[in-house]
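This report goes through how two chains meet and which side-chain pairs stand out. The sequence and structure come first.

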Amino acid sequence: MEVISVSVDSHFVHKMWNDYELTKMVEGGVPFHMASDQAGNVGRAYGVWDEAQGIELRGRFIIDPDGVIQAMEVLTPPVGRRMAETIRQIQAFQHVRASKGTEATPAGWMPGELVLKPGPDLVGNVWQVWKPEMENA
Amino acid sequence: MADQPQGCARTTGAVMGEQPSAAPANETTGTKKEMTMTARVGQKAPDFEAPAYYRGKFTTIKLSDYLGRWVLLCFYPGDFTFV
């Protein structure tokens, strides 16, 4: 898993932010590439560019080994993300990919939990194997 | 203008794993026409190249170099913001 962050700040500012603040939050500093997109070109291509403010919204994209975007989430600036949910989605997509698309993960799925095998036998029978309470189990 | 190893970020005009389809990639004039693409789930991600900071060094990152691996791409409003 490779993580890349992008903002409109220059890579010089990325260095300052890393050195002066983030190293105090994360031992050893930021362990991934902090990319700079000062002209907003990358942000535009991903639909997260905010023209009025000249910034990029909190966009998060999970890209699979074929280069296909499997998931995206975009938040306006004042609300932060929840990393645990991103990790859960990555695990779910990785599971589905490993099954070569023969399995699907129901709502709230966590690694190790029941997966669904879509097919004629499952039509109308999901209720027998999956219940809403399982999402919060 | 000479090549700048630490220039601005730019999209390559292609999606991950493909060559730009529009005409020759090497622009002949100074003005670059940026490809406008919109990212969508189930579709290939727009490729890009950008200057980056990574573990004490300045480098250039190209998304398509990571084909074959899972990538988590995160945008955020700015360094030193609070959230």
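Which residue in E4(B) is the bridge partner of A:Val6? The partner is B:Phe75.

## Basis of the model

This is a predicted model, in which local features need pLDDT of at least 70 and side-chain atom pairs count only at pLDDT 80 or more, while totals for chains, interfaces and linings use all residues. Residues are numbered from 1 along each chain as its sequence is written, chains are lettered from A and ligands numbered from 1 in the order in which they are written, and side-chain values use heavy atoms, with hydrogens and water left out.

## Extent of the interface

Chain A brings 63 residues to the contact and chain B brings 43 residues, contact meaning heavy atoms within 4.5 Å. About 5,100 Å² is buried between chain A and chain B, 66% of it on carbon and sulfur atoms; buried area is the accessible area (1.4 Å probe) that two parts lose on being put together, summed over both. Of the area that chain A buries against chain B, 13% comes from A:Glu2, A:Ile4 and A:His33, more than from any other three residues.

## Strands across the chains

E1(A) and strand E4 (residues 71-75) of chain B run parallel and are joined by five bridges. Strands (E, at least two residues) and helices (H or I, at least four) are DSSP runs, numbered from the N terminus, and two strands pair if DSSP finds at least two bridges between them.

## Polar and charged contacts

Between chain A and chain B there are 25 residue pairs in polar contact, both residues at pLDDT 80 or more. A polar contact is a pair of N or O atoms within 3.5 Å; within protein, one must be able to donate a hydrogen and the other to accept it, and residues adjacent in sequence count only if both atoms are side-chain atoms.

One salt bridge is counted between chain A and chain B, the term meaning a side-chain nitrogen of Lys or Arg within 4 Å of a carboxyl oxygen of Asp or Glu. B:Arg69 and A:Glu2 form a salt bridge at 3.1 Å, N to O. Over all chains, the structure has six salt bridges. One of them joins A:Asp19 to A:Lys15, with the closest N and O atoms 2.6 Å apart. These two residues are separated by about one helical turn, because A:Asp19 and A:Lys15 are four residues apart in helix H1 of chain A.
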